[in-house]
Amino acid sequence: ACSKMGEHATAINALLDHKQSRDRAENTVYKGYRREIGRALGQVKYEDRDDIRVADASGHRATITGILAGIYVDDDFEKPMVSVVYSKLPGGGYKGSARRPVDSPLSCSDMCRIADKYGGEGGGHPFAAGFFAPDEKALTSILTDMEAYAKQGGGGGSYASSNPGASLKHYEQFVMPGSLSISGKDNHVQ
């Protein structure tokens with residue numbers, strides 16, 4: 001909660017067991033985080049499209065799109081459904097998050113990697129993933145392609161399958177050159 005509210009130092013100090021930071025995290029930051037999510041749930045409305053659920057959370061912290069997507073996903077869908085929540089970033093572009101029900105054959109990771117085709121970046125895990133779209137035109141294209149992917153039921157022929165490691169390019173700036181490798185058909189990072 002601290003990191004999602006921009007309180008990174010509080011989070012680290014609380015983990016280091018500094019009492020004042022731990023108290024701030026528990027009594028101030030966490031309550032603000034819960035209020036932010038509550039406000040967003042009261043204001044952000046989702047739209048059920050043919051095969052995905054989409055919500056625009058612009059005006060709320062982009063760091064809570066994953067929480068909202070997780071709340072909006074529904075295990076009772078009659079067909080493979082993925083929840084996608086996006087938010088406009090103050091510096092430009094859009095941050096999006098996707099979540100899927102447990103028994104869905106769709107891969108959120110594959111869906112979010114679609115952003116790579118439109119000048120953005122995306123990736124993650126089969127059940128939960130995220131993406132960045134550089135502008136509204138790219139966001140619209142990404143959502144359209146996500147719908148097409150969901151309509152075909154995911155699986156073979158996905159963007160990620162034909163472009164292994166495409167969404168890993170931004171991780172390379174955080175690791176030593178040459179220390180990142182991709183192995184296996186599931187594109188595991190080592």
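Ala128 counts as partly exposed because its relative accessibility is 26%, where buried means under 20% relative accessible area, exposed over 50% and partly exposed in between (1.4 Å probe, protein chains only). Ala128 lies in strand S6 of a predicted model, in which local features need pLDDT of at least 70, side-chain atom pairs count only at pLDDT 80 or more, and totals for chains, interfaces and linings use all residues. Residues are numbered from 1 along each chain as its sequence is written, and side-chain values use heavy atoms, with hydrogens and water left out.

**Around Ala128**
- Neighbours within four places in sequence aside, Ala128 is in contact with Ala98, Arg99 and Cys108; contact means heavy atoms within 4.5 Å.
- Ala128 and Arg99 are 29 residues apart along the chain, and their C-alpha atoms are separated by 4.7 Å.

**The whole protein**
- The protein has six helices and eight strands, taken as DSSP runs numbered from the N terminus (helices: H or I, at least four residues; strands: E, at least two).
- From the N terminus on, the order of elements is α-α-β-β-α-β-β-α-β-β-α-α-β-β.
- Of the 190 residues of the protein, 42% count as buried.
- Among contacts between residues at least 6 apart in sequence, 55% join residues at least 24 apart.

**Helices H1 and H2**
- Two packed helices are described by the angle between their axes and the distance between the axes.
- Helix H1 (residues 8–15) packs with helix H2 (residues 19–43) at an angle of about 120°, and their axes are 8 Å apart.
- The angle makes H1 oblique to H2; under 35 degrees counts as roughly parallel, over 145 as roughly antiparallel, 65 to 115 as roughly perpendicular and the rest as oblique.
- Axes are lines fitted to C-alpha atoms, for helices over the stretch in contact, and angles run from 0 to 180 degrees between N-to-C directions.
- Thr10, Asn13 and Ala14 of H1 make the contact with Ser21, Arg22, Arg24 and Ala25 of H2.
- The residues of this contact divide into two nonpolar, three polar and two charged (Ala, Val, Leu, Ile, Met, Phe, Trp, Tyr, Cys and Pro count as nonpolar, Asp, Glu, Lys and Arg as charged, and the others, Gly among them, as polar).

**Helix H5**
- Helix H5 (residues 136–151) has 16 residues and reaches 22 Å from its first C-alpha to its last, close to the 22 Å expected at 1.5 Å a residue.
- The buried residues of H5 include Ala138, Leu139, Ile142 and Leu143.
- Strand S2 (52–56), helix H4 (108–113) and strand S6 (128–133) are among the elements that cover the buried residues of H5.

Methods: The expected span of a helix is 1.5 Å times one less than its number of residues.
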